[in-house]
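Hello,

Please find the structure below, with the sequence. My notes on what turned up in it follow.

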Amino acid sequence: MANAKVSLGGRDILDIASLSVDEIELIMQTAGEMKKVLKRDIKKVPSLRGKSIITLFYENSTRTRTSFEIAGKYLGADVVNISASGSSVVKGECLRDTILTVQNMDCDAIIMRHPIEGAAKFAAEVAKPVIINAGDGAHAHPSQALLDLFTIREDGKKDLHGKKIAIVGDILYSRVARSNIAMWNKMGADVHVAGPMTLLPQCVEELGVTVHKRVEEALEGADVVDVLRIQLERQKNGLFPTTREYARIFGVNEKRLALAKPDVTLLHPGPMNRGLEISWEVGLCDNARIREEVNNGVATRMALEFLTIMGGKQVENID
């Protein structure tokens, strides 16, 4: 249970490292209450009525942007979306001026995604509204790590101490991997990674993981398998010979997944490259919690918006 004195009121959510275990527990508890709202016939509560949220995305997104937007609307907030392609950014406006312009619209929170690492931290230093990092380059994606933790717990794995978690795929370019590694280590898990050496960061062991050259070694006996998307749009240097070769050596298929525990929880942040990092059969198997991740993303992001904007009011005030 979260410490009753813990509060996230007015806090920027920039990464997992800056969150304490008690704060993470508070988010998990609140996300559980928000999940109940999603199960109602009328998915609407007035918790953020009169509050305004602006999503500012410099990169394309479907799941993250939409779930933050619908989360705010379910809580009663006014939500406005701004994309870089449709803003003054295309006219040459710098990030600082864009952030200050948005702030001067008297919004309560800015949820932003940016291709440059550290952009969210910079925005938090410049702006007064709450800043929630929806992804900054290959650095951090805290809400994805939080929703993944919530999904794993819903799958019956309440305590991650000593549990083996395997992360497979493009770790070099993955903000999801970095946030999840930070999360799993903070919660006491035994984290293993596997992927082509060209897609592993230098000194990746310093993140607190065990590195495997063969994906089979990482998957053997795993309680959780997190398959990362191969980010073809970020790769311009031919970091593996062909997609077919990658699927043959590192793709998570039925045979490889069978090396994990029978009750393994399979995660994927989406969108999936079916037949590349994950086979069609595995993406649809009984252990896959990929669709649940999408649903839990709404509940978790509702929790983040509620806890940061409402100044620390407790979850029982949701209605």
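The model is predicted. I start with His141, which counts as buried because its relative accessibility is 3%, under the 20% cut-off. His141 sits in the loop that leads from strand E4 (130–136) to helix H5. Leaving aside neighbours within four places in sequence, His141 is in contact with Thr64, Arg113, Ala134, Gly135, Arg175, Val176, Ser179 and Arg301.

Next, the helix pair. H5 (residues 142–154) packs against H11 (residues 290–309) at an angle of about 120°, and the two axes are 8 Å apart. The crossing is right-handed.

Four strands form an open sheet in the order E2-E1-E3-E4, with parallel pairing. E2 (78–83) and E4 are the edge strands; each has a single partner strand, so one side of each is left without a neighbour in the sheet. On average, neighbouring strands are turned by 15° against each other, direction ignored. Within the sheet, E1 (residues 52–57) and E3 (residues 109–114) run parallel and are joined by 5 bridges, with Ile54 opposite Ile110 in E3. Helix H2 (residues 63–74) packs on this sheet and touches E1, E2, E3 and E4. The direction of H2 makes about 160° with that of E2.

Regards

Methods: Residues are numbered from 1 along each chain as its sequence is written. This is a predicted model: local features need pLDDT of at least 70, side-chain atom pairs count only at pLDDT 80 or more; totals for chains, interfaces and linings use all residues. Side-chain values use heavy atoms; hydrogens and water are left out. Axes are lines fitted to C-alpha atoms, for helices over the stretch in contact, and angles run from 0 to 180 degrees between N-to-C directions. Helices (H or I, at least four residues) and strands (E, at least two) are DSSP runs, numbered from the N terminus. A crossing is left-handed if the near helix is turned anticlockwise from the far one by less than a right angle, and right-handed if clockwise. Buried means under 20% relative accessible area, exposed over 50%, partly exposed in between (1.4 Å probe, protein chains only). Contact means heavy atoms within 4.5 Å. Two strands pair if DSSP finds at least two bridges between them.
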